[in-house]
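Please look at the structure below and follow the explanation with the chain in view.

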Amino acid sequence: MKALADPLRLRIVSLLARETLCTTHLIEETGARQTNLSNHLRVLREAGVVETEPCGRFTYYRLRPEVIASLSGRLAELAEIARATADVKRACP
C-alpha cells in the first residue's frame, strides 16, 4: 500500500490499468521528469505492482491486476471490521 500512497504513483497505476505504456508515454501523460518517473516506476516494480516488458530500446510497463485485487480485498476486509467495531472503544488506564 505504501507504493500506492504517492499521488504520482497512483496516477501511473491508473494509467496502466487502461493500457500497457512505455516510459515515454508515461512522461507525456503525467508531465513528470524522466528521472522522477523512473524512480517511481522502480518503487512500483519492487512492490510487485507493475511488471516490465522490453521492446527494442523501450521498456513497457504493465499493471499486475492480481496484486491490486489482493490489496483491494485486504482493504475491503479492514473496512468491514471497522464498520462492525465502530462502537468499540478501549478505556484509557
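The paragraphs that follow describe a predicted model.

Begin with the sheet. It is open, has 3 strands in the order β1-β3-β2, and its pairing is antiparallel. Two of these strands, β1 (21–22) and β2 (50–55), are the edge strands, and each of them pairs on one side only.

Now take the pairings one at a time. Strand β1 is joined to β3 (residues 58–63) by 2 bridges, and the two strands run antiparallel. On this side of the sheet, leucine 21 has tyrosine 61 of β3 as its bridge partner. Strands β2 and β3 are also antiparallel, and their pairing extends over 6 bridges. Here valine 50 has leucine 63 in β3 as its bridge partner.

How many residues lie between β2 and β3 in their hairpin? There are 2 residues between these strands, and the turn contains glycine 56, which has a positive phi of about 65 degrees.

Helix α3 (residues 34–46) lies across β2 and β3, and the angle at which it runs to β2 is about 115 degrees.

Finally, turn to the surface. Met1, Leu75, Leu78 and Ile81 make a nonpolar surface patch of about 420 Å². One of these residues, methionine 1, belongs to the segment before α1 (7–18). Is methionine 1 buried or exposed? Methionine 1 counts as exposed because its relative accessible area is 57%, and the cut-off for exposed is over 50%.

Definitions and conventions: Residues numbered from 1 in each chain as written. Predicted model: local features only at pLDDT ≥ 70, side-chain atom pairs only at ≥ 80, totals over all residues. Heavy atoms only, no water. Pairing = 2+ DSSP bridges. Helix = DSSP H or I, 4+ residues; strand = E, 2+ residues; numbered from the N terminus. Contact = heavy atoms within 4.5 Å. Axes fitted to C-alpha atoms, helices over the stretch in contact; angles between N-to-C directions. Patch = residues over 30% accessible without salt bridge, like charges linked within 9 Å, V, L, I, M, F, W, Y side chains within 5 Å. Areas by Shrake-Rupley, 256 points an atom, 1.4 Å probe, with all protein chains shown as cover. Salt bridge = Lys/Arg side-chain N within 4 Å of Asp/Glu carboxyl O. Buried < 20%, exposed > 50% of the residue type's maximum accessible area, 1.4 Å probe, protein only.
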